[in-house]
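Let's walk through this one together, question by question.

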Amino acid sequence: MGRLSTHKSSTINKTKLIEMLEDLSRRLSIELRIEPIKRSTGYTDGGLCQLRGRYLLLINSNATIDERIRLLTMAIKRFDLSNVYIKPWLREYLEGITFS
């Protein structure tokens with residue numbers, strides 16, 4: 001797979017990043033589902049929702065690796081990570097990402 005550049009010009013293997021983000025989402029009690037998502041109009045790559053008091057991140061099985069990384073990152077950043085152990089490079093990555 002490709003590599004992702006961060007704000008400090010380091011590179012992270014995208015496959016490794018996905019693995020680390022998925023692990024972190026599990027530790028945050030976010031259920032992850034990768035499924036085909038069909039809409040009557042347009043395309044959606046997925047998103048975070050709360051169902052019966054539990055967090056669920058749906059990711060379209062047709063989403064690209066970059067879309068998966070974005071969805072995982074956006075979902076994780078909604079949580080308080082101050083008391084969660086995160087490898088330093090992953091914490092630096094998460095802190096350096098902003099969404100408009």
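Q: In which helix is S25 found?
A: A quick reminder before we start: this is a predicted model. Residue S25 belongs to a helix, and that helix is α1.

Q: Is S25 buried or exposed, and what is its relative accessible area?
A: Buried means under 20% relative accessible area. S25 falls under that cut-off, so it counts as buried, with a relative accessible area of 1%.

Q: Which residues is S25 in contact with, leaving aside its neighbours within four places in sequence?
A: Contact here calls for heavy atoms within 4.5 Å. With the sequence neighbours within four places set aside, the partners of S25 are I30, L72 and I76.

Q: What is the order of the strands in the open sheet?
A: The sheet is built from 3 strands with mixed pairing. Its edge strands are β3 (30-35) and β4 (46-51), each pairing on one side only. From one strand to the next the twist averages 25°. Put together, the order is β3-β5-β4.

Q: In β5, which residue is the bridge partner of L48?
A: Strands β4 and β5 run antiparallel and are joined by 6 bridges. L48 lies within β4 (46-51), and its bridge partner in β5 is L57.

Q: At about what angle to β5 does α2 run?
A: Helix α2 lies across β3, β4 and β5. Angles are taken between N-to-C directions and run from 0 to 180 degrees. For α2 against β5, the value is about 165°.

Q: How many residues does the largest nonpolar core have?
A: Helices α1 (14-27), α2 (65-76) and α3 (88-96) and strand β5 (54-60) each supply at least two residues of this core. Those with the most contacts inside it are L21, L24, L28, L90 and L94. In total, the core has 23 residues.

Q: Which residues is L90 in contact with, leaving aside its neighbours within four places in sequence?
A: L90 is one of the core residues with the most contacts inside it. Once neighbours within four places are left out, its partners are L17, M20, L21 and L24.

Q: Why are the buried residues of α3 on the same side of the helix, and which residues are exposed on the other side?
A: The buried residues of α3 are L90, Y93 and L94. They cover an arc of only 95° around the axis, which puts them on the same side of α3. Exposed on the other side are P88 and E95.

Conventions. Residues numbered from 1 in each chain as written. Predicted model: local features only at pLDDT ≥ 70, side-chain atom pairs only at ≥ 80, totals over all residues. Heavy atoms only, no water. Core = buried A, V, L, I, M, F, W, Y, C linked by side-chain atoms within 4.5 Å. Buried < 20%, exposed > 50% of the residue type's maximum accessible area, 1.4 Å probe, protein only. Helix = DSSP H or I, 4+ residues; strand = E, 2+ residues; numbered from the N terminus. Arc of directions from axis to C-beta. Pairing = 2+ DSSP bridges.
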